[in-house]
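Subject: Predicted complex for your review

Dear colleague,

Please find below the structure that I am handing over to you. My notes on its contents follow directly after it.

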Amino acid sequence: MDGLDFDVAHLFAGGLVLVSFMMLYQDRLYALLNIFALHAIVLAFSVGWQAYIQDAPQLYITAAIAIVFKGIIIPVALHRIIQRLGIHREIETVIGIGPTMVLGIGFVALSLAVMLRVTAEADRLAREDVALALSVVLLGLLMMVTRRNAVSQVVGFMSTENGLILAATGAKGMPFVVEMSVAFSVLVAFVVIGVFLFRIRERFDTVDAQALDRFRRTRE
Amino acid sequence: MSAAFALWCVGLLLVAAAIGTAIPRRHVATPIVYGASLVASVVALAGALAALIGPAPVSTATLPLGLPWLGAHFRIDALAAFFLIVVNLGSAAASLYALGYGRHEPAPHRVLPFYPVFVAGMNLVVLADDAFTFLLSWEFMSLSSWALVMAHHRLRENVRAAYVYLVMASFGTLCLLLAFALLAGVDGAYGFEAMRVRDAGPVTAALVLTFALLGAGSKAGLVPLHVWLPLAHPAAPSHVSALMSGVMTKVAVYGFIRIVLDLLGPPEWGWSMVVLALGGITSVLGVLYALMQHDLKRLLAYHTVENIGIIFIGLGLAMAFQAYQVSWAAALALTAALFHVLNHSLFKSLLFFGSGAVLTATGERDMEHLGGLIHRMPLTAFTFLVGCVAISALPPLNGFVSEWLTFQAILQSPDLPPWGLKVLIPAVGAMLALSAALAAACFVKAFGITFLGRPRSPAAANAREVDRFSLATMFAFSGLCLLAGVLPGLVIDALAPVVGGLLGDRMPVQLDVPWLSIVPIAEARSSYNGLLIFVFITASASLAVYVIHRFASRVLRRAPPWDCGFPDPRPITQYTAGSFAQPIRRVFGTSVFLARERVDMPPPGDRRPARLTVELRDLVWDMLYVPVAGAVDATAGRLNILQFQSIRRYLSLVVAALVALLLVLAIWL
Amino acid sequence: MALIHDLVVQGGQLLLVLLMAPLLTGFVRKVKARLLRRRGAPIIQPYRDLARLLQKDVVLADNASWLFRVAPYLIFAATWVAAALVPTFATSLMFNWTADLIAIAALLGSVRFFLALAGLDIGTSFGGIGSSREMMIASLAEPAILMIVFTLALVAKSTQLSTISDFMLSSHVGVRISLGLVLVGLIIVAIAENARVPVDNPATHLELTMVHEAMVLEYSGRHLAVIELAASLKLLLYISLIACIFTPWGLVRADAGLAAYVLGSAAWVAKLAIGGALLALFETVIAKMRVFRVPTFLGAALMLGLLGTLLLFVSRSL
Amino acid sequence: MSAFPLDLLGLDALNAILVIPAAAAAVLALVPGYRLGARLNVLAALLTLAASLLLLSPDRPEPGRYLFVDDLNVVFIILTTFIGFTTSVFSATYIAHELKIGRLTPQYLRFYHAMYQVLMFSMNLALAANNIGLMWVAIELATLTTILMVGIYRTHEAVEAAWKYFILASVGIALALFGTILIYLAAQPAMGGGVDAMVWTLLIDQVARFDPALLNTAFIFLLLGYGTKVGLAPLHAWLPDAHAEGPTPISAVLSGLLLNVALYAVLRFKMLLAANAGALAPGPLMVTMGLVSLLFAAFMLYRRRDIKRMFAYSSIEHMGIITFAFGMGGPLANFAGLLHMTMHSLTKSAIFYSVGHIAQIKGTQKIADIRGLTETHPVLGWGLVLAVFAIAGMPPFGIFMSEFLIVSSTFAREPLLVIPLLVGLLVAFGALLLRLGNVAFGEPLGSTKPAEASYVPLYAHLALVLGAGLYLPPMLVSWFQHVAGLLG
């Protein structure tokens, strides 16, 4: 595992964490979607590079799915949904951007501390990938928790899945990576279709997760 | 009688239950079900008597049911045989009584299926020989009695009574489960045989006793845990209340004796203080509660609490003596307790049958609407009177003998060294004496207000005598009360193998004492002869009657009552249950129930009647149960907001849990 | 031969007790009258009252039940049996072993039970007042007497009256405080049980104060005679009980000569006279208490009994 | 058993329990009529049940790379197919009524039956999967189908419940995937890459040589991931709404089977950890989560107005008890946990059968509006009473035996732990009985028209639970004891 391969893989994984931070920073929905497209592309590069160094051809399919599906189709679809349903484009956060970022840094530190100490015996690249992947997952979850808009929650969820794809590709020779990425894509597709098909907007004034809360009272 | 034979009787009972479930509404179902349970109980009673008196060795039986690797064990030893007698005597009487009483049952489909199951459950508890079967049949008994209490479920308070009952019953079962878990130890040896061999350390033994006391005490009705009893017993049909009060509480006492005296090793003297104190407080509080009631069945239910207190005093004394190896005194105390178990099941069932008869005849349970029933129901009145005399522990009858034995046991206790007992036992003796006296007052009130005086309502005015089955049962039990009172030596010698089995020593043989009197302790030579007292009283009474009718005038004239010259008083001026208890309420009630009387006197010239209201507070309920229920309700209220959170907050819960665990991992590893 | 002798002595006690009872009541009334500087009715007046009542016919209330007519005989029989069991001039008679002190107290309990029921039977408010107050007094008197019995039993190691009196006669009784407490307690209970002055006024029919009289208000003729006789029997029982426990001198052992019996009965009659006189003196000195001060009065007796027992329990181990 | 027609099709039993539901799903998706669809559904479920019974034969197929049968999953496969069958019978009458009152439109029914069979397929796959990745995909598929079924009524409560269920389940599934990846990473140094590192039977042999720290981290992710599907306390939020808003057959399947399948997955990984000596025992973690769920659910029962939501919380409570039992460990507690899982799914599905019909008869799920059932509908009312007694742990039903073993084995080893356990049990019992008192007894309220309900599934389950309470077949006992030993 000579230096160059490890450095490039490390660059891409680090890049993905950086993009996750950028997503946390956004306060407009459209900007958030663009950043998410970037997130998918960086993931695709990382997976492609892993495919190259592990010479596992099926990983290229995952990279392709990442670019086409999550890079292009999903952001465009969400973009059009926001336009057609006239969804409220301002992102309301629960605890403000600053504290979210601090929390994000804390999560990354935690995942690095835990993962690096735990995966002592695994090979260097796998340890790196899994640690950074856990950071991306935690950042995705943080985004879901601290944003009120349903769409931003969906984007948070998708970035979590990207983290998982990164971890899966990092583990050398893991079967089913392609099947899992397909499964995730189906899951995400369900989300987008669900939002559109069930016309969440029609049922509730805005897709604002808070609006959903008002219908709690009926369920004692 | 072998254990298998007993199981066949239980099987017959279950068949009767099946019939009751299949065709409850048809008219023929009542006689079949009660007839079958009568036959089963009588057969089991005969078998149990043979097992107790005859030299039959201990017999066991095993069924493949219950825990897969243990199976269900059943065993009849002397203790089980005696309690089988108590259970089946009570159930035979209740079934015979129900043959007549059952016909007026408005909802037979809710009583017939569960009555035989209830009797079968009680038999099984006494027969069980391993923890799982014991608890299975214990809960079986509770469930079927819950269903019977729920029989008239249209009344709101019956549903509430059944609810309180089953929650307390399951609390009791969980406590017993903990006691058995401790006895079984880590490797889970749930058979009683294994538990007897395995001697638990002092700490475990103390814990086992506490849980046994909580478990059996809640079912028997020891004071802090008695609140369900006066709610549940009256709500059930009368023959079931008789069974619950007279017999189920005794099965609870059996549970306590089996765990503490049989499975556990020799007791510490400290425990006996707890049992004695609880017994004393229960007996006094029980009878004081009873005095304040004006509902006949609730009065009898509260009074069961008093008699359970007396039984536990006997048990406490037995444990105290056993702790110091004064085994002959322990034998005396345990015989007194077991004798009272038999007595109480006799006269309490008799009184409940009487109250059932009154309920059928008048449809009323409230004493304020009864009165003068002795004229229209003379036979029921006579048997109820015998029951009242017996329960008030008056000499010729059986109630007095067991109390007399308990007093003799108390008198043997000064040579017990520990200071705690030296102070506690006289105090408990005083409480026992006080509760005996108050019991007499309570039953003068019960009998006087219900049967004597003038009818206070039209229902009481045209009551009719009950059917012959009920009367037959009541007369049979009155006879038994008299027999046990007059020939106590017989019962004491029958109890000897039971006491011998448990404590290793027994009371001196009573039958060869001259003139059939009983001398519990040889050197003290204080003796009591029920038969001679009975003969003397009847002889002198008949002598007086003969002399007067021979020499004095025999003329008799009817006239309106003298009543110090006041004009003919209306029935309303009679003393009621509340006014009869007023002096005693003023003496004891102000401290025990915080009794307050408020008089609302109208201004002069205003024609509306004055109103006297008495409010009593049930301190146990207010101090223990209301706070607990309040705490549960408050916690439920506070936690309830978690149901109405947004998705984001639920997600933050998940993320928080994940981060917390990761932190733990980071710190620990 | 001994059997007949015992039978004769026991029969003699039964008859003697029956005959002396009205005399004792008459004597007490005579002494009270003399203390009030009145001549008072002759001592044998109670016999005349009984004879008069026996001749008069019984006037029964309309709704009186069979219990009302049976109760007087039961009350009389139970009291007579209890009185017969208490040693008067001789101890350890043939029938003394049938019952000990607890049984005698319980017999008196059943007397009270039937009397209260009889009071409630006619359904007038006076019967109710009498019975409820009687049961309130009983609910304190009975535990008091049982605690007294406990103390005596602890001292004499048995609850049998004959054993207790033999023990009292024997040398090693010694002076004990608890016996003093018990004596005072027993006197208080005796006064309460026999409805004497501080608790209840036997002489008056004043509605609000009477307890015993209220219960027997509706009785007349021979029933009233029997109940009056039972009441005086009970008074005799209590005085001879106190005498036999605390002043057992002159009690005849079993199978002693005729002279001993004469001496014994003389001593017993003297004790009765002294007891009656003291009672009369006490009644004239003290006034009647309000009904709800009686519980404290009787509570004192219960405390004395409990204190006596406690002292004995404690002293036993010192 | 070999002469069964199945062999003609060249399938052994193991593949049959997967192929039949998959095929049925495809067929049902095309069948237009409701009545035919329902009958086909029942037939498919019956065939799957028959196939699963074949697994009882002693000569089991040796474990393949993707599917296998051992003592643990044979019981749960049979249980799943049996309850799947009885629920399909119940759903036939239930859906017929829903159609009549128009709450469901016919074209949704094709979707409903197809999804039902897909759910059966995915659950059988998850149980029989030997590959932990395949198990993950199967559970994911099961989750998705139930999410769609919960939202089938398309009222806003239903959609909102489905949305909540979807987001929470997806997060859970993501965490579970991360756990699976970590297990693979732990297996890689000892077993080399490729599919072998994910085959459970191979993993269990080699696990002693894995790095214990990584295993513990993986177990945390797996417990949180699959724990969301089991409905343990901090992760339970989706369960009450999913039960209350979805159609009742789905609640029965959800409560009865899906929770068990998720917990089965957690057990698979606990067996892995138990085999590795160094791994920090997962006991304390599971015990705490179990107790928290038990106490939380017990107290939440008091304020519930909706009868299905109340029994959903009762499921959380029982899952808490089972996790507590497995957390305690030891042969007795593990045996009790397995027994409790089986008994709970049978009893809870029986409860939902009766609750389903009651809600239809009374037209409401509000507890306050349902009263006096044992008067108006005795068979249904007493069925509910018996079922609630069974779930409350009253003898002679099966749950009493498992609770008896759990409490006594815990008390003998860790006396202090029993206090919260007993408080939870008593509080839950109090709440259930309080509501039962109102619903089943008292003056009848609401409509009293006779119910055309199917009582067979309800009383079949109760009979089984009653039987198990008194006598357990020795074969089942030996399997459970063997697995209890493995569970550590």
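A residue is called buried here if 20 or more other C-beta atoms lie within 10 Å of its own, exposed if 12 or fewer do, and partly exposed in between, with C-beta atoms placed from the backbone. By that criterion B:L243 is buried, because it has 30 C-beta neighbours inside 10 Å.

Provenance and numbering. The model is predicted; local features need a pLDDT of at least 70 and side-chain atom pairs count only at pLDDT 80 or more, whereas totals for chains, interfaces and linings use all residues. Residues are numbered from 1 along each chain as its sequence is written, and chains are lettered from A and ligands numbered from 1 in the order in which they are written. The predictor assigns the complex an ipTM of 0.87 and a pTM of 0.90. For chain D the average pLDDT (the predictor's confidence in each residue, from 0 to 100) is 86, and 97% of the residues score at least 70.

Two residues are in contact if their C-beta atoms, placed from the backbone, lie within 7 Å. Neighbours within four places in sequence aside, B:L243 is in contact with B:G90, B:S91, B:A94, B:F118 and B:M248. A separation of 8.4 Å is found between the C-alpha atoms of B:L243 and B:S345, which are 102 residues apart along the chain.

The interface of chains B and C. Four pairs of chains touch, and the pair with the most contacts is B and C. Here 75 residues of chain C are in contact with 72 residues of chain B. Sorted by class, the side of chain C that touches chain B has 44 nonpolar, 19 polar and twelve charged residues (Ala, Val, Leu, Ile, Met, Phe, Trp, Tyr, Cys and Pro count as nonpolar, Asp, Glu, Lys and Arg as charged, and the others, Gly among them, as polar).

Strand pairing also links these chains: strand β3 (residues 556-559) of chain B and β1(C) pair in the parallel sense over four bridges, where pairing requires that DSSP find at least two bridges between the strands. In this pairing B:R557 stands opposite C:V59.

A strand pair within chain B. Strand β4 (residues 596-600) and β5(B) are antiparallel and pair over five bridges. B:R598 has B:T613 as its bridge partner in β5(B). The number of buried residues among the five of β5(B) (residues 611-615) is zero, so this strand lies largely in the open.

The interface of chains A and D. On this side of the complex, 36 residues of chain A are in contact with 33 residues of chain D. At least two residues each come from α4 (97-118), α5 (124-146), α6 (150-170) and α7 (177-197) of chain A. Of these, α6(A) gives the most, with seven residues. The side of chain A that touches chain D comprises 23 nonpolar, six polar and seven charged residues.

Pairs without contact. No contact joins chain A and chain C, whose closest C-alpha atoms lie 56 Å apart. Chains C and D likewise have no contact, and their closest C-alpha atoms lie 40 Å apart.

Helix α19 of chain D. This helix (residues 474-487) has 14 residues. Its buried residues are D:F480, D:V483, D:A484 and D:L487. Seen down the axis of α19(D), these fall within an arc of 110 degrees (the arc of the directions from the helix axis to the C-beta atoms), so they line one face of the helix. They pack against α3 (71-100), α10 (248-275), α12 (307-328) and α13 (331-362) of chain D. The face turned away from the buried side carries the exposed residues D:P474, D:M475, D:S478 and D:G485. After α19(D) comes D:G488, whose phi is positive, near 80 degrees.

With kind regards

Terms used. The expected span of a helix is 1.5 Å times one less than its number of residues.
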